[in-house]
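Please look over the structure below and keep it open while you read. This report goes through it part by part.

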Amino acid sequence: MPDSLRNRFLALRSAAPFWSLRYIEETRESLAVRQDTLEPPGLAVDRGAMLTAIAEGGHGYCATSDLSAAGLQAALDRATAWAETTRSASVYRFDPRRMLAPKGERRVPPGGAPALSRRELAELLAEECRRAKIDDRIVERYAGVELCELEQLYLTNTGGEVRQEFRYAIPHAHVTANRGAETQTRSFLHAQQGGLGELARSGFIGAGARLADEALQLLAAPNCPSGKADLLLMPDQMMLQVHESVGHPLELDRILGDERNYAGTSFVTLDMLGRYAYGSPLLNVTYDPSIPEELASFAFDDEGTPAEKVWLIRNGILERPLGGHLSQLRAGVPGAAAARASGWNRPPIDRMANLNVEPGTSSAADMIGSIERGVLMRTNVSWSIDDSRNKFQFGCEWGELVENGRITGVVKNPNYRGISATFWRSLKAVGDASTFEVHGTLYCGKGEPNQAINVGHAAPACLFSGVDVFGGEGP
Amino acid sequence: MKDHFFGLADRLNGKLRAGETLLCSLDAERSDFVRFNRGRVRQAGSVQQRFLSVRLVRERRQAAATVAIAGDGEDWELARGAVARLRGDLAQLPEDPWLLIAEDPISTETVRRGRLAAPEEVVQQVVAAAAGRDLVGFLASGTIYRGFANAFGQRNWHEVDGFNLEWSLFLPGDKAVKSGYAGFDWEPATFAAKLEAAAGELALLALPPRTLAPGEHRAYLGPRALDELVGLICWGGFSARARATKQSPLLRMEHGATLSPKLTLLENTEAGVAPRFQHDGFVKPASVTLIANGRLEHALVSPRSAKEYGLETNAANARESPESLDMAAGGLEPGEALAALDTGLRIGNLWYLNFSDRPAGRITGMTRFATFWVERGRVVAPVSPMRFDDSIYRMLGDNLVDLTRSRELLLDPSTYEQRSTASSRLPGALLRSLKFTL
């Protein structure tokens with residue numbers, strides 16, 4: 001499709017000085033086994049294009065699944081009409097001369113292990129589901145995989161042309177145990193780029209029995225104790241912590257007010273850049289597209305900005321926000337290649353891509369050994385934060401009590417709460433490279449119209465002091 | 001759109017082989033989307049999307065595919081190709097013991113033509129009305145199409161024109177009032193009146209804010225705040241599958257816990273705006289009672305759960321979540337809500353709710369937008385955002401004083417992947433106490 005589409009694009013005409021086409025073709029398969037029964041396999045083939053026009057001062061888009069020459073021209077006409085309509089009514093005076101004309105491509109790296117047939121894959125999922133059946137108290141067992149191939153083409157009437165390919169094979173599983181009015185779930189998600197060869201190194205093999213055993217352990221465990229304590233967050237919970245209380249507050253469109261009607265604003269303001277102590281001097285946060293397997297690694301964002309690693313927070317000091325090209329023009333500050341759309345039918349907005357915490361120097365053993373009384377938490381299960389991304393409360397599936405430098409037992413329903421603006425300053429140790437893991441989330445929601453997008457987060461384990469921790473209802 | 005979809009379904013059915021059954025669904029829309037910030041346009045555009053889903057069934061095996069179609073002659077090749085692929089896949093699949101599809105045709109048609117203003121006119125009206133104000137908002141407007149057709153001759157069609165404009169008016173210091181105008185016939189005077197009414201609230205927000213210490217406070221939740229609370233409970237709370245696997249946040253109700261006898265909750269399809277049919281071809285009953293006078297009643301049972309657990313389906317969607325939620329009114333006159341509150345919090349909106357202990361029904365979340373401290377029935381100060389963490393059984397149980405006599409129809413503004421057709425009709429709720437933690 002992209003070659004024929006390119007030819008159709010070259011024949012398009014618009015009165016606008018700048019226009020572009022962003023085409024996406026995505027093939028997604030889902031396969032899952034639940035309670036030893038194969039769920040109906042799903043296949044989705046989605047393709048369409050968004051035409052964007054920029055006049056002097058105005059901006060408009062139109063997205064269509066009609067990719068014929070007439071369909072594309074009609075969409076460009078509609079986008080151009082919007083650009084004309086908004087010339088004198090836009091919040092920012094769009095300048096067609098400042099739009100990018102990128103050139104480049106990103107190909108999917110060659111796969112590793114040979115691909116499994118769908119039947120072999122279903123048998124693998126069934127095996128994990130079956131192995132989770134270790135006790136009558138196990139009430140739900142689920143193992144699945146999402147397979148996705150994505151192709152993108154970005155063209156501008158000023159000569160820009162970018163082609164990008166992506167491939168994902170994302171295994172996931174959960175096991176639930178119940179006794180009376182008590183239910184506990186353990187889950188697994190390996191959200192990275194790559195083909196089916198990733199399964200072998202993802203930890204998915206054996207996950208069924210492991211999750212079942214851990215769910216039963218939680219069922220028998222006491223609630224997480226309440227009070228001020230040290231908090232050791234493992235990388236799969238650091239993912240959520242950095243996402244909600246660093247990533248979202250640093251989105252430039254939030255800072256500019258675009259999201260105030262829905263996703264919210266930010267406690268961060270532009271005058272904080274370059275001087276605000278976001279966290280302790282141990283905190284280093286980067287926008288990093290350079291880890292190939294991380295979920296949101298790409299070569300160009302959806303406005304055509306080349307993706308390069310940049311420091312957002314260095315030694316605790318806030319340096320720059322997460323804003324794409326248009327937001328950078330509006331705000332007059334540098335940002336990152338952060339303009340992303342969830343699909344062909346949604347316009348780019350400022351998003352996290354890969355937002356990572358850089359490794360420090362502490363080993364896991366050193367961090368645990370330094371804790372007099374604390375809780376280790378892993379795997380997010382609950383998340384809630386205010387609209388300026390300050391007051392948060394997060395919960396995890398799994399907790400372990402740490403006393404006098406030793407792990408002394410499992411605790412259930414571990415929760416903690418805090419305030420972003422002060423929480424990161426309580427960071428007292430950052431795990432070294434041996435604790436560093438690459439994770440990601442598939443459904444970060446934001447924007448009007450709403451968009452759910454994938455985001456990568458890599459982080460080491462991190463230790464915080466004096467955090468308000470607590471458990472669930474009852475003893 | 002309708003003729004094109006049913007035409008495709010007819011042609012596909014005409015090509016079926018012996019023993020095959022085909023189910024087709026259409027999810028499509030023509031939408032105009034406009035974002036506003038600081039009283040001006042931030043992002044404006046249009047989207048035309050059409051997704052055709054085909055499900056092939058043979059010898060108790062099934063496979064499904066969804067393809068984006070263009071609305072023209074090339075769609076036939078896409079649809080035929082998808083069915084051919086499914087035919088090949090079926091041979092590799094085991095029998096599905098939980099397969100259940102409607103085999104007794106019940107055809108329906110709902111077409112609701114509205115008087116939608118051209119989006120350019122709405123832009124003009126909003127920008128003009130927002131002059132001098134810090135308005136941020138979003139307009140979604142256009143036609144939504146849903147269709148179903150199966151090889152047994154069933155044909156269902158749902159086509160509705162509608163709009164949903166939500167906006168927030170801000171004062172410096174992140175203080176805001178949120179309001180909206182949603183419906184089927186755009187009336188400029190109605191929009192102007194609603195905007196002015198929201199602007200009137202700004203005077204109260206301009207009062208010096210009060211910061212409350214964590215603790216328990218009496219509270220009045222407006223319908224939009226109650227919608228957030230009940231919306232979270234709908235995440236598994238009425239699902240037959242969640243109940244069977246003990247993952248419902250109302251698990252304790254299955255062990256004898258009850259809510260206030262003032263609380264009755266229905267899935268009221270007849271009074272909602274969502275399609276009456278679902279993707280397996282079943283047509284929904286007029287209503288399903290979910291909670292009656294504080295006691296757990298029927299679950300929403302999808303066809304798949306019906307087979308798995310030996311239940312009768314009530315045509316629930318695959319997620320088994322309500323789409324037309326309806327809470328019975330109480331006895332509190334809306335004009336008396338503040339007097340009944342006396343001293344406490346008037347909460348217009350809640351935000352970002354989640355479970356802090358799901359099986360125990362404990363929920364945390366934030367106040368957002370216009371939240372006020374009230375003394376002796378009068379608003380005295382806006383309140384900074386606060387976090388609550390409390391149990392369903394306290395909030396909607398022992399601590400529920402009353403619900404308002406009037407209710408509000410809230411059209412779901414969600415546009416993830418497509419514009420939502422869900423709605424809820426809810427009263428306001430007066431709580432004896434709500435537990436705040438941060």
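Predicted model: local features only at pLDDT ≥ 70, side-chain atom pairs only at ≥ 80, totals over all residues.

What follows is a short tour of domains, helices, strands and loops.

Where they touch, domain 1 of chain A gives 31 residues and domain 2 of chain A gives 30 residues.

Which elements give two or more residues to the side of domain 1 of chain A that touches domain 2 of chain A? The strands are E1 (18–34), E3 (42–54), E4 (59–64), E5 (103–106), E7 (161–179) and E8 (182–189) of chain A. Helix H5 (207–220) of chain A also belongs to this group. By class, this side of domain 1 of chain A holds 14 nonpolar, 11 polar and 6 charged residues.

## Where the chains meet

Next comes the contact between chains. Chain B puts 75 residues in contact with 68 residues of chain A. On the chain B side, strand E2 (residues 40–58) of chain B gives the most, with 11 residues. The side of chain B that touches chain A divides into 34 nonpolar, 23 polar and 18 charged residues.

Strands pair across the two chains as well. E4(A) and E2(B) run parallel and are joined by 4 bridges. Opposite A:Cys62 stands B:Ser46 in E2(B).

## Two helix pairs

Two packed helices are described by the angle between their axes and the distance between the axes. Start with helix H3 (residues 118–131) of chain A and H5(A). Their axes come within 7 Å and cross at roughly 25°. Angles under 35 degrees count as roughly parallel, and H3(A) and H5(A) are therefore roughly parallel to each other. Their crossing is right-handed. From H3(A), A:Glu128, A:Cys129 and A:Arg131 meet A:Ala207, A:Gly208 and A:Ala209 in H5(A). The residues of this contact of H3(A) with H5(A) are 3 nonpolar, 1 polar and 2 charged.

Now turn to chain B. The axes of helix H1 (residues 2–14) of chain B and helix H2 (residues 75–90) of chain B come within 10 Å and cross at roughly 45°. That angle makes H1(B) oblique to H2(B). H1(B) passes H2(B) in a right-handed crossing. In H1(B), the residues in the contact are B:Leu8, B:Arg11 and B:Leu12. Their partners in H2(B) are B:Asp75, B:Trp76, B:Ala79, B:Arg80 and B:Val83. The contact of H1(B) with H2(B) has 5 nonpolar, no polar and 3 charged residues.

## Strand E23 of chain A and its partners

Strand E23 (residues 462–470) of chain A pairs with strand E9 (residues 227–233) of chain A. These two run antiparallel, with 6 bridges between them. Here A:Ala229 has A:Val467 in E23(A) as its bridge partner.

Strand E19 (residues 415–419) of chain A also runs antiparallel to E23(A), joined by 3 bridges. In this pair, A:Tyr416 has A:Val469 in E23(A) as its bridge partner. Strand E20 (residues 427–430) of chain A pairs with E23(A) in the antiparallel sense too, over 3 bridges. A:Val430 stands opposite A:Cys462 in E23(A).

## An open sheet in chain B

Chain B has an open sheet of 6 strands with mixed pairing. Its order is E11-E10-E9-E12-E19-E18. Which strands stand at the edges? They are strand E11 (295–296) and strand E18 (408–411) of chain B. Each has a single partner strand, so one side of each is left without a neighbour in the sheet.

Within this sheet, strand E9 (residues 265–267) of chain B and strand E12 (residues 324–327) of chain B pair in the antiparallel sense over 3 bridges. B:Glu267 stands opposite B:Leu325 in E12(B). Helix H5 (residues 223–233) of chain B lies across E12, E18 and strand E19 (423–426) of chain B. This helix, H5(B), runs at about 120° to E19(B).

## Two loop details

The peptide bond from A:Glu448 to A:Pro449 is cis, with omega near 0°. A:Pro449 sits in the loop between strand E21 (437–446) and strand E22 (451–459) of chain A.

The other detail is A:Gln35, in the loop between E1 and strand E2 (37–38) of chain A. A:Gln35 is not a glycine, yet has a positive phi of about 50°.

Terms used: Residues numbered from 1 in each chain as written. Chains lettered and ligands numbered in written order. Contact = placed C-beta atoms within 7 Å. Nonpolar A, V, L, I, M, F, W, Y, C, P; charged D, E, K, R; others polar. Axes fitted to C-alpha atoms, helices over the stretch in contact; angles between N-to-C directions. Parallel < 35°, antiparallel > 145°, perpendicular 65-115°, else oblique. Left-handed = near helix turned anticlockwise from the far one by under 90°. Pairing = 2+ DSSP bridges.
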